[in-house]
Amino acid sequence: MDETGSCSANNVLTGTVRSNGTTMDKSESEFIEMTSGFLNQVEKESGIRVSACFQCRKCTNGCPVTFAMDIYPDQVMRHIQIGLKQEVQESATIWVCASCETCTTRCPNEIDLAGVMDYLKQSVVKEKGLAAEGKVLAFHQIFLDAIRKRGRVFETALVGNYMLKSGDWRQKMKDGTLLEEMRLGWTMYRKGRLKLLPQNIKGREEIKKLFDKKNRL
Amino acid sequence: MKVSYYPGCSLEATARDYQESIAYVCGQLGIDLEEIPDWSCCGATAAHNTDDFLSIALPGRNLALAEKIGLDLVVPCPLCFNRLKTASHQLQKGPREDRPYVYAGKTRVWDLLDFLSHPDRLSRIQAKVRQPLKDLSLVCYYGCQANRPPKITGATSYENPQNMDNLLKALGATVPDWSYKTDCCGASHTIARPDIVNTLVHRLYERALEAGAEAIVVSCQMCQANLDMPQKTISEIFRKVYDLPVYYFTELIGVSWKGPEVKTWLSRHMVNPEPLLKRKSFI
């Protein structure tokens, strides 16, 4: 801690030379200014006590998708605690989270981690930030669009809409999987698992109003 | 017995086989499934991943409808179940500007598997068995949403659930226990990140085979899709031929009862589920 009472992450090391004699590049030698603003915001808006986390790592150890993450779940909690808002919002982790709820179930301090992941994703959407996993967000967006339109999800149009919204059709055309997807769709239709025509619920207007209301709240 | 029924969007289409087997089993048990009139989508993963208000409002609408009807509500899709239970907890905290529906919590919301494996129903299911599923080795795959988090679902055995195991044993099947029965299949990543699903599901296949299973049984249509549809692709990626049919527990109830429509449901699967049953002379 320095004379002003603020902590920096690497105040142990002087200058840009590490204790083993090697030199750090600039990005490593920038200190992290720890602030509690983001932690307070997350706790207030989500109602989840992230400050209770003491990094026991139980969440990360039970998480099935850590292999696809850039920041581990316990690290996400720590990032929030020390104010690294941008890093978590820009992480792939929050979108890779499959909401399996294993972390929430096992946390000894009863922190709803899956709920924190949801909150972080929602905050990226609210602030119109860039999602690290754009395709994952694109899928959620077309899914919600489908609900807004008819009140229920018309599954037949889902994959097509996703391909267009995410631009994934280009990648799939290149690697040859587009034809496979179309074949799968045809097989599903032949097996009676895809309807030809969508239906609208009677309460469609009520659903549309919910979508409008969310924008006003 | 009459109950309210919330099928959810996929039971109408991609999970038609599940829906058909559920209708048959409940029909035979004298359980009248009254579909909630004009029900709407629960919001699934998309809502809670992007919008807190919609994540409660969308399932909330259906809870309010169910409460007006006043019957217990049975839900076949574990994700719909989880979202309805989550909304139920939120809405019971009382009216608020951002909670557009009122729900007092008087309606009991059941996960279908929990409902059918309840002792009252299980004894009647067992009584109708005409051909015990002898020498059929099955592992039960529960997935995530029906049991976790226990504060929402009310599940008591969430690390090692046994209700599907017990049900299949009551049908005469051999049900080895395994430690991966609640390990995530990758859920909605199947569209945007199929690589994640392939990795997770490949693990599940390997562990099912290690346990000595000939097939996997599920109660979730999303899990069924993730275990059944990519099996050929996963076999190609990992250069090992997997032939693990994925049955709905209700389909196997129908098989043990010698139900007449069983082959129709089975024909809708991707991995052919008939050869295994034919080998054991069940169909």
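Is A:K165 buried, exposed or partly exposed, and what is its relative accessibility? I looked it up: A:K165 is partly exposed, at 46% relative accessibility. Here buried means under 20% relative accessible area, exposed over 50%, and partly exposed in between, with a 1.4 Å probe and protein chains only.

I note that this is a predicted model, where local features need pLDDT of at least 70, side-chain atom pairs count only at pLDDT 80 or more, and totals for chains, interfaces and linings use all residues. Residues are numbered from 1 along each chain as its sequence is written, chains are lettered from A and ligands numbered from 1 in the order in which they are written, and side-chain values use heavy atoms, without hydrogens and water.

**Entry: A:K165.** I found A:K165 in helix α10 of chain A, residues 155-166. Helices are DSSP runs (H or I, at least four residues), numbered from the N terminus. Beyond its neighbours within four places in sequence, A:K165 is in contact (heavy atoms within 4.5 Å) with A:A138, A:Q141 and A:I142. The C-alpha atom of A:A138, 27 residues away along the chain, is 6.2 Å from that of A:K165.

**Entry: cysteines.** I searched all chains for disulfides (pairs of cysteine sulfur atoms within 2.5 Å) and the count was 0. The sulfur of A:C107 has its closest cysteine sulfur in A:C56, and the 6.2 Å between them is too far for a bond. A:C107 is buried, at 14% relative accessible area. For B:C9 the closest cysteine sulfur is in B:C41, 3.7 Å away, also too far for a bond. B:C9 is buried as well, at 12%.

Note on methods. Helices (H or I, at least four residues) and strands (E, at least two) are DSSP runs, numbered from the N terminus.
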